[in-house]
2 protein chains.
Amino acid sequence: MDELEETVVTPWEVRGRINYEKLIEEFGTQPFTNDLKQRLEKNIKQPLHPMIRRGIVFSHRDFDWLLDHIEKGGDFALYTGRGPSGNTHIGHLVPWQFTKWLQDTFDVELYFQLTDDEKFLIDREKSYEETTQYAYQNALDILAVGFNPEKTKFIIDSEAGPKFRRLATEISRRITFSTAKAIFGFTESTNIGLIFHPAMQAAPCFYPSVLHGRKIPVLIPAGIDQDPYWRATRDIAEKMGYYKPVALHSEFIPGLEEGGKMSASKPDTTVFTTDSAKSVVKKVKRAFTGGRATIEEQKRLGGEPEKCNVFAWYRTSFEDDDEALKKRWDDCKSGALMCGPCKQELADRVVVFLEVHQQKAEDAKDVLESCVIRI
Amino acid sequence: MDELEETVVTPWEVRGRINYEKLIEEFGTQPFTNDLKQRLEKNIKQPLHPMIRRGIVFSHRDFDWLLDHIEKGGDFALYTGRGPSGNTHIGHLVPWQFTKWLQDTFDVELYFQLTDDEKFLIDREKSYEETTQYAYQNALDILAVGFNPEKTKFIIDSEAGPKFRRLATEISRRITFSTAKAIFGFTESTNIGLIFHPAMQAAPCFYPSVLHGRKIPVLIPAGIDQDPYWRATRDIAEKMGYYKPVALHSEFIPGLEEGGKMSASKPDTTVFTTDSAKSVVKKVKRAFTGGRATIEEQKRLGGEPEKCNVFAWYRTSFEDDDEALKKRWDDCKSGALMCGPCKQELADRVVVFLEVHQQKAEDAKDVLESCVIRI
């Protein structure tokens, strides 16, 4: 843990550092150490993504093994997913931007699962048509992030093809109700569709191998809270003749309210990709910050960027330049930068970002169909 | 029950009559009464199938409602299925021949589900490739029975299309683990694939409605032992906007050994469609009959056709002519007909039947693909 502790005071690795260390212990994953960062940088021969530099990607499973595999000339595929229960928000886009960087850097296929079945099964108030519609709508937001359409395959669960279904069935024979219950918290009153779903979620781990007819490991960039969902997959992978999935875990992106992960269920403090400029400005201006009670006090004591969600947004997504980020931190700490202009600048950046994003999402309509895999 | 009791002594309604009455009580179904037979005969304006005339079809659910529906101009579809775990045998063909009669008589679509997924999920020793191969092989035997290829749709579970899958998912949201457990006997160690399967099995009940965009009831000809598997389907049908499935229940077809249903797990006393003439003759000659210990005794006391599996085979499938069947019964009873020639004649009929059947199965290869539905 030395590597983590020595960087704990930098402006880009400050948020809840200790909690994340506890999560690593709790989930039994490995910390993403400085050694691993250096090894990765050497391998890719280009600068690391800010999320890695800044420790937002803080944990992994077998990523060192994957680097061995790559160094021996092996390839891999990326796998991530989204439960299409509503509109996309900034909290979704941040890890996808990192996933795009991985795709670009390694020039690999991405399998993106849209679990419209799961979102339907989990919520008796939702129609299946609705979650499928969200799947297609979310897919446009995903493509807008800039994934290579030639190498990006959407698995929309409700439209998954026979090879995928077959694989899910093969997986499902190896997972008992008892195992699924322990991992996913199922009960006697859970419906039988949801009980099957872990097999649907595991299938993309082995799908690239099935499609290409050879063993290909997948790398899953995900929140660490998702890690247990791959436990059953890891347990059966080798028995089924596949590689175990490799994972990179990133911190949660906070909403604009105090604490917590950004969530569609808190629409006032979450910026959706469909939000208007006016709405973005309004939401950002109301954000929870590390500011003091009065301007006078803030000038005297300086702000607390380590607590500040506006700073967190700069750090995770809206300031790529480490020097500029450090200056923002220092200016806040010294009392030179007040919350008003700092929020305004973020709002401006978000507005510009969304304008470009919305156009890209519109353009993505032309390629979406070619990216849906139904094999 | 009067109707049943008054026919209990005829040669074609004799086998285990009382047990079947108990089953009706146990499963809570309705007896297929003489009134219902007469009503059906009037409706179809042609002679009843021997399986109805002889009471082999002895129970139903809502068949009277279906006749009302038909009389008001409504249509329906047939639904039956097969778990493709091995080769087809005569015990499978008999209810299919009855199903063919229903298809011809009412000129309706038949949805035939081949649950290769279930047979894979249930048996850890089997590969999925194997059960899928059996599905295709069994489908040839099914078509050989003479179903109208224009109106017969095979749902091979592993290749079921997105509309079917979507329907199964919709159904699965309405069945809890607790309900599935009570009906299918699932436990903590049941795999999650098998737990989902009741939704796959229910889906064909509503699939014709989905495909045609209007409410169409299905009629399921099946063994009464299958009846509980539709309990969950009946419970949710109306809530989902569909008709409850209607069912006709037939007696089990005995194997050639004493007692019991014909079963692939007893290959010595089961005639498979792939059996050679030599093998058929050998199996039939070893059959359990109602014969006496010695020829002398049999001439004196007569045989006991009510216990005889050879007679049961004539009754269910190899003697359509009621008069001829009655003569065989009487000749056995009187001691005029010995087991040797009776078996020989059955063996001859089975051999001829299988020869024709095997040719038809071969011919069916040309139409099979057009009958597989993947919508």
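Figure 1. Chain A averages a pLDDT of 92, and 95% of the residues score at least 70. The model scores ipTM 0.92 and pTM 0.92. As a predicted model, it needs pLDDT of at least 70 for local features and 80 or more for side-chain atom pairs, while totals for chains, interfaces and linings use all residues. Residues are numbered from 1 along each chain as its sequence is written, and chains are lettered from A and ligands numbered from 1 in the order in which they are written.

**Figure 2. Helix 13 of chain A against helix 17 of chain A.** Helices are DSSP runs of H or I, at least four residues, numbered from the N terminus. Helix 13 (residues 277–285) packs on helix 17 (residues 339–363) at about 150 degrees, with axes 9 Å apart. Axes are lines fitted to C-alpha atoms over the stretch in contact, and angles run from 0 to 180 degrees between N-to-C directions. The pair is therefore roughly antiparallel (over 145 degrees). Helix 13 of chain A contributes A:Ala277, A:Val280, A:Val281, A:Val284 and A:Lys285.

**Figure 3. Chain A meets chain B.** Each chain gives 29 residues to the contact. Helix 11 (192–212) of chain A supplies the most on its side, with six residues.

How values were computed. Helices (H or I, at least four residues) and strands (E, at least two) are DSSP runs, numbered from the N terminus. Angles under 35 degrees count as roughly parallel, over 145 as roughly antiparallel, 65 to 115 as roughly perpendicular and the rest as oblique. Two residues are in contact if their C-beta atoms, placed from the backbone, lie within 7 Å. pLDDT is the predictor's confidence in each residue, from 0 to 100.
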